[in-house]
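User: I would like to learn how to read disulfides in a model such as this one. Could you take me through them step by step?

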Amino acid sequence: QLQLVESGGGLVQPGGSLRLSCAASGFTSTVTSIGWFRQAPGKEREGVSCISNSGLSTNYAASVKGRFTISRDNAKNTVYLQMNSLKPEDTAVYYCAAAWKAGAWSRCRVGNDFPSWGQGTQVTVSE
């Protein structure tokens, strides 16, 4: 059974940076994609960024492109989300999720593609 544990959230001022980590354990050998998603209060959960198992392919939501960078260290079974130039509208609970379907990273959508989820980590961007 796959387990995903997020860490690195916190309170940061606008313009600041945070790095989130998603540590995977258990049945990781056939995972095809890992994604970062977020859910703000009163809003639907949305895809932020996804990465293929090799780390060679990535996908970003338009709202974070150029500010966030996803990467992975397969030796540590960990996926990172470096978040720079943070804005108040980035405030949300951030979740990582795993997929087994081919090409899930290219769709990076909440739904059947990503059936395994972590518990989430809160990111608050405020003065």
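Predicted model: local features only at pLDDT ≥ 70, side-chain atom pairs only at ≥ 80, totals over all residues.

User: Which parts of the chain does the link of Cys50 and Cys108 tie together?

Analyst: Cys50 belongs to strand 5 (residues 46-52), whereas Cys108 sits in the loop between helix 1 (104-107) and strand 10 (116-117), so this pair ties together parts that are 58 residues apart in sequence. The link has 85° about the S-S bond and is right-handed.

User: And what do Cys22 and Cys96 tie together?

Analyst: The disulfide of Cys22 and Cys96 has a torsion of about 70° about its S-S bond, so it is right-handed. Because Cys22 lies in strand 3 (residues 18-25) and Cys96 in strand 9 (residues 92-99), the pair ties together parts that are 74 residues apart in sequence.

User: Are these cysteines buried or exposed?

Analyst: Cys22 is buried, with a relative accessible area of 1%, and Cys96, at 0% relative accessibility, counts as buried; both Cys50 and Cys108 are buried as well.

User: What pattern do the disulfides follow along the chain?

Analyst: With bonded cysteines counted along the chain, the pattern is 1-3, 2-4.

Conventions
Residues numbered from 1 in each chain as written. Heavy atoms only, no water. Disulfide = S-S within 2.5 Å. Helix = DSSP H or I, 4+ residues; strand = E, 2+ residues; numbered from the N terminus. Buried < 20%, exposed > 50% of the residue type's maximum accessible area, 1.4 Å probe, protein only.
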